[in-house]
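The following note is meant for a colleague who is meeting this structure for the first time. Please read the numbered points with the model open beside them.

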Amino acid sequence: MTHEENWQTKLSSIAERTKFIFNNELLSDVKFVVASSTDEGESKKVIPAHKFVLALSSPVFFAMFYGQMADTKESIELPDCEYESLLELFRFLYSDKANLSGNNVMQVLYLANKYMVPSLAEKCKRYLRKNLAASNVLTILPHAQKFEIKDLEHPCWEVIEEQTEEVVTSVEFATVDRSLVQSFVKKDRLKVTEVKLFKAVDHWATKECERQGLTSDGETKRRILGEDVVKAIRFPLMSDREFSSFVLDSNILTSQEVAVMIKHYTSVLPDTVSLPFSQAPRFELKEPNRCYRFSKIFLAGTKTSWWSYDSGEPDDINFSVNIPITLCGVQHFGCAGGQYTVSTEVRDVNSYFSVVKRSGTYISECDETKQFFGFDVLFDRPVRLKANRQYKLVSLIKGPMSWYGHEGKSSVECEGVRFTFTRSKYSGNGTTEKRGQFPAFIFI
């Protein structure tokens with residue numbers, strides 16, 4: 001590059017003069033040879049530089065040029081970077097500016113870390129956080145994990161949790177490392193149906209078989225996925241139709257696992273046999289909803305307004321929902337400061353199979369929405385309930401008299417879900433669809 005005579009006098013600051021000699025043969029005392037990709041193929045390009053300027057901002061370059069083992073060669077070849085990315089690193093060292101883009105930012109970040117330029121590394125991370133999307137997160141996340149950039153890795157997972165379906169159905173998902181597939185299936189917070197997650201994992205296994213030159217039969221795919229990945233898929237969250245249509249055809253599960261799942265779907269699985277796969281839902285990133293079922297609530301503490309548990313009989317109610325939901329727990333009535341020992345269970349009415357259980361001791365607090373005293377019995381593992389199936393909620397409660405509900409509704413709409421309540425054939429402590437316990441069902 002040519003230069004004007006007396007160029008120094010025309011640039012008023014040291015910053016302008018340093019910027020002027022960027023990528024300039026003028027005063028250059030070292031050259032970097034790097035690869036450059038073009039439509040015609042790969043070639044070599046040379047970037048002229050100045051040892052003093054580079055060493056001024058990078059401890060690595062300082063050691064390279066002025067340390068005990070200083071490199072005295074006039075030309076240095078760097079095989080681990082491309083021309084465009086190294087040029088942006090040098091532009092930043094000469095001018096505190098860099099032209100970042102989706103094509104170069106990951107490589108520039110790599111160079112900023114390699115040559116210990118934290119201000120440029122932070123600039124790259126800001127750019128990535130600002131431009132994170134489902135379309136590029138699978139490119140960025142592996143680099144964030146490799147270089148242990150936690151303040152970039154966490155935003156990546158936030159994008160994945162919010163846009164899971166778009167991420168797992170992308171072309172890039174089929175190319176990720178197995179370790180990342182494992183991380184996906186073990187996440188508790190994903191916005192995707194389990195069948196779509198399984199289809200993505202099955203597709204990844206098929207592509208991995210192709211990459212390894214193997215036949216993509218069920219046994220091979222299972223071996224490539226590994227037991228920890230297969231066991232982390234939550235097959236009970238699928239409908240029986242989804243399971244039959246997609247999981248059976250994949251041949252990934254063993255005949256014994258298939259038999260247990262079929263018994264689960266037909267409600268004939270004995271209580272002594274546990275499912276080999278988790279039923280815990282992958283929580284959506286939102287607060288659970290509450291379906292309140294009473295129009296009026298009576299205050300405990302008067303002769304006519306109280307609900308007693310002296311009989312030792314449980315309170316129970318039958319209910320169903322018109323669409324599948326995840327039941328997180330059930331709110332119970334209490335009294336101000338009251339302590340209650342409770343054993344709560346949800347059963348399938350037809351098979352009498354226990355869907356979920358929870359026992360514990362609870363202190364009653366004021367419900368800020370409805371202004372009554374009560375407590376939440378939350379399940380350790382929220383359970384997926386099927387549409388139009390009859391369930392029985394049973395709670396054996398020990399404690400002081402409590403508030404109770406009156407003028408309950410047989411059908412209640414809440415956040416697009418219709419709850420239908422009917423009295424149990426054996427209503428032990430008196431709860432019905434019209435009055436008694438269970439003010440709210442907590443669900444997502």
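1. Helices here are DSSP runs of H or I with at least four residues, numbered from the N terminus, and by that numbering Val159 lies in helix 8, which covers residues 150-162. The model is a predicted one, and every remark below should be read with that in mind. Val159 has a relative accessibility of 11% and therefore counts as buried, the limit for that class being under 20%. Leaving out residues up to four places away in sequence, Val159 touches Leu132, Ala133, Ala134 and Val137. With Ala133 the separation along the chain is 26 residues, whereas the C-alpha atoms of Val159 and Ala133 are 6.6 Å apart in space.

2. Helix 8 also deserves attention for its charged residues. Glu153 forms a salt bridge with Lys150, with 3.6 Å between the closest N and O atoms, and both residues lie in helix 8, 3 residues apart, which is about one turn of the helix. Glu153 is buried, at a relative accessible area of 12%, while Lys150, at 47% relative accessibility, counts as partly exposed.

3. Which residue forms a salt bridge with Glu161? The partner is Lys187, and the closest N and O atoms of this pair are 3.2 Å apart. Because Glu161 belongs to helix 8 and Lys187 to the loop between helix 10 (178-185) and helix 11 (194-211), the pair ties together parts that are 26 residues apart in sequence. Glu161 is buried, its relative accessible area being 11%.

4. The side chain of Lys221 makes a polar contact of 2.8 Å with the side chain of Asp202. If neighbours within four places in sequence are set aside, the residues in contact with Lys221 are Asp202, Ala205, Thr206, Cys209, Ser216, Ser250 and Ile252.

5. On the nonpolar interior, a general remark comes before the particulars: in soluble globular proteins, nonpolar side chains tend to be buried together. In this model the largest nonpolar core has 90 residues, and those with the most contacts inside it are Phe32, Phe61, Leu86, Leu89, Phe90 and Phe235. Apart from that core lies another, of 23 residues, which includes Cys291, Val330, Phe379 and Val417.

6. Phe52, which lies in helix 2, counts as exposed at 54% relative accessibility.

7. Finally, two backbone angles may be worth checking. Most residues other than glycine have a negative phi, yet the phi of Glu148 is near 55°, a positive value. Glu148 sits in the loop between helix 7 (137-146) and helix 8, and this residue is exposed, with a relative accessible area of 64%. The phi of Glu407 is likewise positive, near 55°, but Glu407 is placed in strand 13 (residues 404-408) and, at 38% relative accessibility, counts as partly exposed.

Conventions. Residues are numbered from 1 along each chain as its sequence is written. This is a predicted model: local features need pLDDT of at least 70, side-chain atom pairs count only at pLDDT 80 or more; totals for chains, interfaces and linings use all residues. Side-chain values use heavy atoms; hydrogens and water are left out. A polar contact is a pair of N or O atoms within 3.5 Å; within protein, one must be able to donate a hydrogen and the other to accept it, and residues adjacent in sequence count only if both atoms are side-chain atoms. Contact means heavy atoms within 4.5 Å. Helices (H or I, at least four residues) and strands (E, at least two) are DSSP runs, numbered from the N terminus. Buried means under 20% relative accessible area, exposed over 50%, partly exposed in between (1.4 Å probe, protein chains only). A nonpolar core is a set of buried Ala, Val, Leu, Ile, Met, Phe, Trp, Tyr and Cys residues joined through side-chain atoms within 4.5 Å. A salt bridge is a side-chain nitrogen of Lys or Arg within 4 Å of a carboxyl oxygen of Asp or Glu.
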